[in-house]
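The exercises below concern side-chain packing and charge pairing in one protein model. Please work through each task before reading its solution.

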Amino acid sequence: MSRIVMKFGGTSVADLDRIRNVARRVRKEVEAGNQVAVVVSAMAGTTDQLVKWVEDASPLHDAREYDTVVAAGEQITSGLLALTLQNMDIPARSWLGWQVPFKTDDVHGAARISEIDTTAMRERLEEGVVCVMAGFQGIADDNRITTLGRGGSDTSAVALAAALEADRCDIYTDVEGVFTTDPRIVPKARKLEKITYEEMLEMASLGAKVLQTRSVAMAMNHGVRVQVLSSFTDTPGTLVVDEDEIVEKQVVSGIAYANNEARITLVGVDNTPGIAGEVFSPLADGNINVDMIIQNESEDGLKTDITFTVPQGDVEKAIKILENASSLKYERLVSDKNVVKISVIGVGMRSHAGVAATMFQTLADKGINIQVISTSEIKISVLIDSEYTELAVRALHTAYGLDGA
């Protein structure tokens with residue numbers, strides 16, 4: 001007997017027919033003799049509607065009431081799935097975030113889990129009851145409902161799997177697994193049988209939308225075996241595992257792209273000690289996430305240009321912060337939203353030379369200019385004009401031998 005956590009996203013539970021399909025998948029695991037806990041998202045489109053109602057009711061809303069409203073979507077799904085399972089003669093009950101409970105901090109809308117008490121749920125699992133958990137939800141110390149941020153049901157599922165000491169956490173989505181890149185851009189993209197936590201974390205943070213970044217980090221920290229697979233086919237998915245489980249490591253496992261970046265350049269900044277702090281400290285105070293950074297000195301060393309990227313949605317806010325920084329002196333500020341970050345990812349980079357050279361030469365051969373470069377131990381990212389996104393992804397996918405048949 002295994003203990004399994006199954007998580008189903010919004011498209012998997014979009015209507016009653018799909019909820020019945022989910023119930024049949026759960027029944028299959030129950031009939032195999034497994035203990036099953038299920039984590040569900042809100043039905044597709046429900047959370048967006050709830051958020052819109054909140055914003056229409058009160059543009060400057062109370063974050064605590066926001067969480068009360070938007071958490072309702074998962075409550076509906078959990079109850080419907082429990083009813084559907086009961087109708088199939090499978091013992092089941094729904095659980096809300098406060099009933100487990102999922103204890104969190106009080107940062108409403110983006111709460112972080114501090115503790116999960118699974119005592120009662122474990123008892124029900126031992127009795128053969130399927131426990132259907134509303135994802136995305138938690139409860140703060142003041143007994144107010146909290147939510148974990150968009151995509152938070154993935155985090156709920158992994159956290160529950162860790163707390164229950166589950167053998168596996170299956171994340172069901174509308175794709176068949178993790179691919180070497182976006183199959184919509186590269187038809188020859190291949191589904192990966194296994195991928196390391198670190199690679200998946202990089203891919204999730206760099207634009208791949210298969211798993212929420214926080215859920216991958218939590219799985220890595222707690223050693224939770226995660227499988228990504230489709231709700232609509234019976235094909236094997238992709239296992240997200242520790243690096244030790246992958247015998248032969250690919251030099252490059254995937255190509256990711258993020259088209260929600262914007263570039264800001266401060267031209268003619270005084271090249272004095274502490275200037276970087278003067279640029280980035282006010283941005284940090286304004287909760288602006290800065291990613292890629294490059295600094296160029298003038299020939300005389302008196303001036304420097306500082307270029308960096310921020311999320312597209314924050315570019316106007318970042319510009320305003322910099323313009324209001326009274327101690328910061330520069331000649332002009334230039335911004336550009338028409339950029340994309342392309343990343344090459346693979347744990348095999350640690351032991352292979354020439355990965356960066358291949359990337360740069362491939363882009364040069366296609367006439368694509370690189371604006372900014374950043375690297376980590378298993379990743380190389382470049383910033384290019386957004387009009388070259390598809391060309392760059394396809395060319396790099398081929399260059400690293402990732403194309404399938």
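**Exercise 1. The nonpolar core**

How many residues has the largest nonpolar core, and which residues have the most contacts inside it?

*Solution.* The model is predicted, so local features require pLDDT of at least 70 and side-chain atom pairs pLDDT 80 or more, while totals for chains, interfaces and linings use all residues. Residues are numbered from 1 along each chain as its sequence is written, and side-chain values use heavy atoms, without hydrogens and water.

Step 1. A nonpolar core is a set of buried Ala, Val, Leu, Ile, Met, Phe, Trp, Tyr and Cys residues joined through side-chain atoms within 4.5 Å. Buried means under 20% relative accessible area, exposed over 50%, and partly exposed in between (1.4 Å probe, protein chains only).

Step 2. The largest such core has 39 residues, and those with the most contacts inside it are Val5, Met121, Cys169, Met200, Leu211 and Val226.

Step 3. Elements giving two or more residues to this core include strand S2 (35-40), helix H5 (119-126), helix H6 (152-164) and strand S11 (226-230). Helices (H or I, at least four residues) and strands (E, at least two) are DSSP runs, numbered from the N terminus. The largest share, six residues, comes from H6.

Step 4. A second, separate core of 22 residues includes Val355, Ile380, Ile384 and Leu396.

Step 5. Leaving aside residues up to four places away in sequence, Cys169 touches Val5, Ala157, Val158, Ala161, Val224, Arg225, Val226 and Gln227; contact means heavy atoms within 4.5 Å.

**Exercise 2. Aromatic pairs**

Determine how many aromatic pairs there are.

*Solution.* Step 1. Rings of Phe, Tyr and Trp (its six-membered ring) pair if their centres lie within 6.5 Å; planes under 30 degrees apart count as stacked, over 60 as edge-to-face and the rest as tilted. The count comes to two aromatic pairs.

Step 2. The ring centres of Phe8 and Tyr172 are 4.5 Å apart and the planes stand at 15°, so this pair is stacked. Phe8 belongs to strand S1 (residues 3-8) and Tyr172 to strand S9 (residues 168-173), so that the pair links distant parts of the chain, 164 residues apart. Phe8 is buried, at a relative accessible area of 0%, and Tyr172 is also buried, at 4%.

Step 3. Phe280 and Phe308 form an edge-to-face pair, 5.2 Å centre to centre with 75° between the planes. Phe280 lies in helix H9 (residues 275-285) and Phe308 in strand S16 (residues 303-311), 28 residues apart. Both Phe280 and Phe308 are buried.

**Exercise 3. Salt bridges**

State how many salt bridges there are, and describe the one between Arg350 and Glu243.

*Solution.* Step 1. A salt bridge is a side-chain nitrogen of Lys or Arg within 4 Å of a carboxyl oxygen of Asp or Glu. The count comes to 22 salt bridges.

Step 2. In the bridge between Arg350 and Glu243, the closest N and O atoms are 2.8 Å apart. Arg350 lies in the loop between strand S18 (339-345) and helix H11 (355-365), and Glu243 in the loop between strand S12 (238-241) and strand S13 (254-258), so the pair ties together parts 107 residues apart in sequence. Arg350 is partly exposed, at 33% relative accessibility.

Step 3. Salt bridges that share partners join Glu198, Glu243, Arg350 and Glu377 into one network.
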